[in-house]
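Dear colleague,

I am passing on the structure below, and after it you will find my notes on what turned up when I went through it. Please read them with the structure open beside you.

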Amino acid sequence: MVREQKNRVYSYAAMLLRNQAEAQDVVQESMVRLWQHQSKVEQAGAPMWLKRTAHNLCIDRIRRRKVRSEVGTEELEATSTDGSPGPDRLAESGRLGDEIERALGQLSEEDRSVLILREVQERPYAEIAELLALPMGTLKARLHRAREQLRKKLIRAGVTP
Amino acid sequence: MKETDELSFDCRRARKAIHEILDGDKLDEDRSLWLQEHLPRCADCREFDAEMRSMQGALRSLPVSQFPDAALDRVWEQTIRQDQASPRRNWRIDWRSFAAAAVLTAAAFGLWQWNRPDDLDERAQTVGLIVIDPERVRSDPEYARQIAEETRRVLGLTSDALRRTERAAFQGILVDEVGGALGKVPVHWPEQDDEQTERNRQRENEL
């Protein structure tokens, strides 16, 4: 189970946190916690348990960052909007993915998490609703809002999706 | 690019339908036909549709990050180390403590069931001997032999006590519970006619 889930959980954490070292810490901690709670977690529910733990640890870290300082995020936003390559250059260099990742990083963690889970990882709606503890209607409304926010960020950055 | 609140009613309706298509939902026939009519007439919504589809495609083709093997190794090390350090494992290894606890439990049970007054002295000796000194067991063969002998004797008493308890429990169940339950079972005798009842009464009087 761990081998099947590790890359997906790690990708999710890395995109949500925008920091690979922190994402590694989160995934390691989630796996160790799963090991410690193995007697309480049913085998069928273990993947969801792992994802939810990783998600909660990511959200904790993002909140701690906000409390410490807003500077990091502002710097990231500034670098993403300054001197972004235009659509032609992006197409030539194949860096649309980089620009999308940068734009994703500027969204709120709520919008970012729902976009990563649904659009990047293509997880089923029911799984996302369970993971984020959201009713289906709220989840879809958040997904629609997140898509539009991402499109706006890309257009403002001079990238035509 | 128009903001959502600047959009006409039709454009908002069209974008909602486009989102639903991106969600993987199937539009009903009326809405699908309406959207097909709206898009050729509205450049903004056509652009929105194309950009959203392109963005979804780009998001889906983002590479999946690989969790490094070294990080996974660290997880294994941490979990194995925790497992080895857990007191549960030490408890399993320390079979001497387990054996001593078992003997003490057996002795306690034996004494509890052992109710002959003339055995009081013997009981006291058993209690004294059954408090095992593990160090002395290792160093003093005579003491170890005594302990083994006493343990066998206490286990024998415990076995007798268990048999007595089993017998008593069986009798209790049979007499109290089964007998009591049978007493509560309603018995309906077949109805007898008056002539038969009179004959029975005469027979009882004769007896």
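**Charges over a ring**

In chain A, A:R118 lies over the face of A:Y125, 4.1 Å from the ring centre, where a charge counts as sitting over a ring if NZ of Lys or CZ of Arg is within 6 Å of the ring centre and within 35 degrees of the ring normal. A:K140 also lies over the face of A:Y125, at 4.7 Å from the ring centre.

Please keep in mind that this is a predicted model, in which local features need pLDDT of at least 70 and side-chain atom pairs count only at pLDDT 80 or more, while totals for chains, interfaces and linings use all residues. Residues are numbered from 1 along each chain as its sequence is written, chains are lettered from A and ligands numbered from 1 in the order in which they are written, and side-chain values use heavy atoms, with hydrogens and water left out.

**Salt bridges**

Over all chains, the search finds 21 salt bridges, each being a side-chain nitrogen of Lys or Arg within 4 Å of a carboxyl oxygen of Asp or Glu. One of them joins A:K51 to A:E127, with the closest N and O atoms 2.8 Å apart. This pair links distant parts of the chain, 76 residues apart, since A:K51 belongs to helix α3 (residues 46-68) and A:E127 to helix α8 (residues 125-132) of chain A, helices being DSSP runs (H or I, at least four residues) numbered from the N terminus.

**Between the chains**

The contact (heavy atoms within 4.5 Å) takes 39 residues from chain A and 33 residues from chain B. Across this interface there are 5 salt bridges, and B:E51 and A:R151 meet in a salt bridge through their side chains at 2.6 Å, N to O. On the side of chain A that touches chain B, α9(A) gives the most, with 11 residues.

With best wishes

Methods: Helix = DSSP H or I, 4+ residues; strand = E, 2+ residues; numbered from the N terminus.
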